[in-house]
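Notebook open, model loaded. I wanted to look up a few spots and jot down what turned up.

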Amino acid sequence: MGAKIKNPRKKFLFSIQFPKHPINPYLCQKVTTPDVSIDQVEHGDINRDVKTAGRVKVGNLVVEKLKTTSGSDTWIWDWLFACQDMILGGGLVPRDYFETMVVNELAEDGVTILNTHVYDEVWPCKIDGLDFDRTASENTIEHIEFSVGTADQY
């Protein structure tokens, strides 16, 4: 019998960083990275369709309960209101609220980085409401959706 090959990738081994905030590490329970797709453009210069690459589309990134390990636990709401303040109206210009988010896939040792996903022009576009239930015992979890402008992996 051959040796069993171990998969170094585990779903639970990852880290999240915001380079503008290097002091505070961020914790979360789950991350769903965005889908990336390229439109197909069909051209008919010959007797068949020739497909070429068109516009790139980057989906949204979803995080369950993103929390800083120190400082205010309302920072995500502050960031959301910097984008568009529903009380005072208006918001900052995009270059002032765009952030970079880095998601690292870690090996089993929890330190070695297998892949790094870098997302730019990131900003919170949706915070799901919480369900409160007097008969439930599970934790309340915020789902935060981030708009993503560009995605890269290395």
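Before anything else, I noted that buried means under 20% relative accessible area, exposed over 50%, and partly exposed in between (1.4 Å probe, protein chains only). This is a predicted model, where local features need pLDDT of at least 70 and side-chain atom pairs count only at pLDDT 80 or more, while totals for chains, interfaces and linings use all residues. Residues are numbered from 1 along each chain as its sequence is written, and side-chain values use heavy atoms, with hydrogens and water left out.

Entry one, aromatic rings. I searched the whole structure and got eight aromatic pairs. Rings of Phe, Tyr and Trp (its six-membered ring) pair if their centres lie within 6.5 Å; planes under 30 degrees apart count as stacked, over 60 as edge-to-face and the rest as tilted. One of the pairs is phenylalanine 18 with tryptophan 79, edge-to-face at 5.7 Å centre to centre and 85° between the planes. I checked both residues, and both are buried. Phe18 and Trp79 also belong to one aromatic cluster with Trp75 and Phe146.

Entry two, asparagine 104. Is this residue buried or exposed? I found asparagine 104 buried, at a relative accessible area of 5%. Its side chain makes a polar contact of 2.9 Å with the side chain of threonine 116. For a polar contact, a pair of N or O atoms must be within 3.5 Å; within protein, one must be able to donate a hydrogen and the other to accept it, and residues adjacent in sequence count only if both atoms are side-chain atoms.
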